[in-house]
Each structure stands twice: as structure tokens, then as C-alpha cells.
Amino acid sequence: MKFGGTSMAGTERIRRVAGIVKRQQEAGHEVAVVVSAMAGETDRLVNFCREANALYDPAEYDVVVASGEQVTSGLLALTLQALGCKARSWLGWQVPIKTDDAHAKARIEEIDAEALIASMASGEIAVIPGFQGVSPEGRVTTLGRGGSDTSAVAVAAAVKADRCDIYTDVDGVYTTDPRIVAKAKKLPLVTYEEMLELASVGSKVLQTRSVSLAMKEKVRVQVLSSFIDENAPAADTLPGTMIVSDEELEGSDMERQLITGIAADKNEAKVTLTRIADRPGAVASIFGPLAEANINVDMIIQNIAKDKGETDVTFTVPQADLVRAQALLEERKEAIGYFRMIAEGNVAKISVVGVGMRSHAGVASTMFRALADRGINIQAISTSEIKVSVLIDADETELAVRVLHTAYELDAAA
Ligand code: ADP
Ligand code: ASP
Ligand code: MG
């Protein structure tokens with residue numbers, strides 16, 4: 001069971017979580033619980049690091065930000081004990097959850113779950129702080145923002161759990177963020193592949209890595225709310241969203257929609273280099289250095305001006321890397337041979353995702369028409385087999401998501 005930050009924010013909520021955990025144990029299950037820091041705590045700690053040293057050492061950053069989860073894991077163990085349960089906390093290095101040494105964005109390499117399994121078998125509830133691990137040198141690492149989801153799936157895989165229940169502040173995965181579109185519909189089932197794509201284009205309900213790990217390790221993941229009415233009669237449908245394989249979805253009676261969901265991501269920035277020579281190697285001279293600096297480029301467009309032998313190149317990078325990207329390209333202005341660099345941070349990427357688009361034409365044109373009808377300008381486009389993304393002005397994000405939600409007939413009946 002994994003509980004997110006909102007579920008862990010304060011004594012009362014932790015008591016509620018402890019109640020949910022206790023009921024699972026009483027139902028005869030062995031339980032490991034992964035917890036997030038209290039809502040807002042990780043942001044607060046990240047800010048302290050920035051204030052202390054703008055160019056902070058990621059290893060020390062990890063020492064600071066991992067503390068949020070240490071607090072909530074201890075508090076949940078204490079609360080469970082107060083309810084009469086046997087419980088103990090297991091910090092990342094105690095389990096151990098072994099990661100690589102990429103501080104602030106470490107990857108889990110191996111979980112040695114023997115001690116954890118023995119403790120669970122003895123009737124003790126294992127409480128594990130999410131987000132953290134230990135590097136080969138024995139230092140604390142963290143898994144990137146939202147990483148507790150990945151901790152939970154990794155622990156579930158390591159103890160060969162029957163299920164990994166991700167409790168959050170919404171009661172499942174919706175066709176789009178239910179906080180933006182009130183008419184969003186809850187999806188009872190969603191495939192790993194669709195969830196992976198939705199997460200990677202900005203649906204923060206699950207961290208992308210947690211979904212790819214669940215897919216690889218075949219972990220049964222369920223997303224549900226920790227704010228349920230504990231006394232409500234048991235429903236015959238699942239209370240949340242189950243992430244399933246393609247075969248399971250085909251075998252269910254759920255009708256497959258053309259579009260599964262819509263996501264928005266405001267964390268990208270757009271860069272345009274104008275009047276680049278239209279010759280072999282020009283584009284390589286831009287993206288080579290960015291790749292070497294570990295800056296991920298997402299959307300790319302190049303316009304060829306046939307008569308002039310010049311071209312403009314536009315691309316997006318993570319907002320957080322924009323300053324570094326600009327500095328790199330400025331340094332290489334001569335070598336690349338562009339005229340002007342224009343950077344723009346106020347953009348949003350809106351994506352529609354659905355496996356159904358593999359066998360259907362017209363998905364992209366519906367998107368372009370719906371946006372055009374509302375006067376929303378498209379600045380860049382990218383597609384994959386099961387996704388179409390467009391870049392627009394960030395101020396139009398919510399309007400665009402609503403308009404597309406209606407255009408693809410995803411709105412719930414009023
Ligand atoms: P936690 O703290 O539990 O990890 P997060 O804030 O990381 O929770 O993720 C839950 C949030 O994800 C929801 O509050 C919701 O606003 C947002 N969200 C974005 N897209 C979706 C979606 N398609 N379905 C459900 N929630 C979504
Ligand atoms: N507390 C961490 C964060 O906010 C990890 C998590 O909650 O998933 O990114
Ligand atoms: Mg989260």
C-alpha cells in the first residue's frame with residue numbers, strides 16, 4: 001500500500017491511513033506500506049537547498065529532501081502501534097533499497113527483501129519511506145519528484161505482492177485531471193501502455209518510472225483514494241482504477257474508447273534558432289551538445305526555406321534546463337551559425353493518448369480543428385503511435401484541455 005503526501009499531511013490523516021492499513025491486516029493480508037512526505041514538505045526542503053547554495057551538490061540535496069519521508073514513516077509506525085498493531089519503519093538503507101549513484105534522480109537497481117519478508121511474515125507491518133534509497137557508496141539517494149510511486153512498485157515486486165495499491169487524493173485515473181475538468185470520467189481499467197504514455201506526457205497521478213517498472217515486473221497496480229467513506233457498503237465494481245495488460249482489457253466488458261485520456265504539461269520551454277544554414281550537420285551541431293549536457297529535447301520542428309538555403313529550428317527542453325540550454329547554444333553561436341535565439345517559457349504541451357488511434361484515422365485532425373475553433377494557436381506538433389501532442393500558449397491550457405475533452409466525447413453525463 002502506498003500513501004501520497006495529501007494522505008499523510010498531519011496527525012489526523014495519518015490516523016486515517018493507519019486505520020485503512022489495519023483493516024487490510026485484519027482481512028488476513030501481510031502488508032508493507034510505502035509513504036510520501038507530508039504534502040508541501042518536499043517543496044519546502046528543496047527551497048532550503050536552493051537558498052543554501054544555488055548550485056547545490058545533489059548528494060547533499062538528497063540528504064535534505066529524503067528527510068520528509070523519514071518523518072512520515074516513523075509517524076505511521078507510531079500511529080499503527082497506538083492502534084495495537086505490530087509495526088516498524090525501514091529506512092532506504094535499512095531494507096536496503098539499492099540504487100545507482102545518480103543523486104536526485106537515482107534508479108533502483110535491487111531490493112534485498114529478505115528481512116522485510118521475514119518481518120511481514122511475523123505479523124509486523126513494514127513501513128517504508130518512499131522516494132529514498134542508498135547508493136553503492138552507502139549514501140542516501142532520492143528517486144526524482146513523485147518517486148514514492150516507484151518505491152511502492154519496486155517493493156511490491158521485491159516481496160512478490162499480490163497487489164500494489166496506490167492511495168492518493170483522487171479515486172482513480174481519470175480521462176484527464178479531474179481538478180481541471182469537472183466532467184472528467186474515472187477509468188475503471190487502463191492498460192500499462194496507455195498509463196505509461198499518459199504519465200510521460202504529464203499526468204502526475206503516477207510517476208512514469210513506476211508504470212514502466214510495473215509493466216516490466218508485472219505488478220498489479222491499483223489507484224484509489226484514501227479519502228473514502230470507511231463505512232460505505234462494498235461496491236461490486238473496483239473502487240479505483242486497475243492498471244491492466246492489453247489482454248486483460250480485451251477480455252473485460254469495458255468498451256475501448258478511441259482516446260483514453262488527455263494530459264497537460266507546463267514544464268517545457270520552447271527555443272527557436274533562426275536562419276541556420278540548410279546543410280548536412282547543421283541540426284547535429286545543435287542537438288549534439290544538448291545531449292552531451294544531458295538535456296532532453298522533446299518536440300522538434302524545422303522549416304526549410306527553399307529559396308534562401310536557410311532554415312529555422314524550433315524545439316522544446318525541460319523548463320528546468322532552459323537556462324543551461326541557452327548558455328550552451330550562445331557559446332556555440334558561431335559554430336552552429338544561427339542568426340537569433342528566441343526562448344519562450346510560457347508554453348504548455350497538451351497530449352491526447354489512446355491505443356485506439358493505431359487503427360483510426362482523423363485523431364489529429366479532430367484535435368487541430370477543435371483548437372482552431374476556439375482560436376488556440378498551435379506552435380509545434382509531435383506524434384507517436386498512440387499519442388498526439390501540441391504546444392500552445394500556457395495561458396490557454398485549461399481551455400484547450402476542456403475543449404478537447406468535449407471534442408473526443410469524453411465528458412461524463414451531467
Ligand atoms: P500523491 O501525493 O498521492 O502522490 P499526486 O499529486 O502526485 O498525489 O497525484 C495525484 C494528482 O494527480 C491528483 O490530485 C490530480 O490533480 C492529478 N492528475 C493529473 N492527471 C490525472 C488523471 N488523468 N487522473 C487522475 N488524477 C490526475
Ligand atoms: N515527496 C516526494 C515528492 O514530492 C516523493 C513523492 O511524494 O512521491 O516528490
Ligand atoms: Mg505523486
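The model is predicted, so local features need pLDDT of at least 70 and side-chain atom pairs count only at pLDDT 80 or more, while totals for chains, interfaces and linings use all residues. Residues are numbered from 1 along each chain as its sequence is written, and side-chain values use heavy atoms, leaving out hydrogens and water.

We may begin at the surface, with charge. A patch of negative charge is formed there by D101, E109, E110, D112, E114 and E137. Patch residues have over 30% relative accessible area and no salt bridge, with like charges joined within 9 Å and nonpolar side chains (Val, Leu, Ile, Met, Phe, Trp, Tyr) within 5 Å; a salt bridge is a side-chain nitrogen of Lys or Arg within 4 Å of a carboxyl oxygen of Asp or Glu. Within this group, E114 belongs to helix α5, residues 114-121 (helices are DSSP runs of H or I with at least four residues, strands are runs of E with at least two, both numbered from the N terminus). E114 counts as exposed because its relative accessibility is 64% (buried means under 20% relative accessible area, exposed over 50%, partly exposed in between, with a 1.4 Å probe and protein chains only).

L78 sits in helix α4, residues 67-82, and is exposed, at 52% relative accessibility.

Turning to the cysteines, the structure contains zero disulfides, a disulfide being a pair of cysteine sulfur atoms within 2.5 Å. C85 takes part in none, and its nearest cysteine sulfur, in C164, is 20 Å away. Seen from C164, the closest cysteine sulfur is that of C85, and the 20 Å separation is too far for a bond. C85 is buried, at 9% relative accessibility, and C164 is buried too, at 2%.

The backbone also has some features worth a look. The V95 to P96 peptide bond is cis, its omega being near -10 degrees, and P96 lies in the loop that links β3 (87-89) to β4 (97-99). K160, a residue other than glycine, has a positive phi near 50 degrees. K160 is placed in the loop between α6 (148-158) and β9 (164-168), where its relative accessible area of 72% makes it exposed. E409, likewise not a glycine, shows a positive phi of about 55 degrees. E409 is found in the segment after α14 (397-407) and is exposed, with a relative accessible area of 66%.

Terms used. Chains are lettered from A and ligands numbered from 1 in the order in which they are written. Accessible areas come from the Shrake-Rupley method with a 1.4 Å probe; for residues, only the protein chains shown count as cover. Lys and Arg count as positive and Asp and Glu as negative; His and the chain ends are not counted. The place of a charge is taken as NZ of Lys, CZ of Arg, CG of Asp or CD of Glu.
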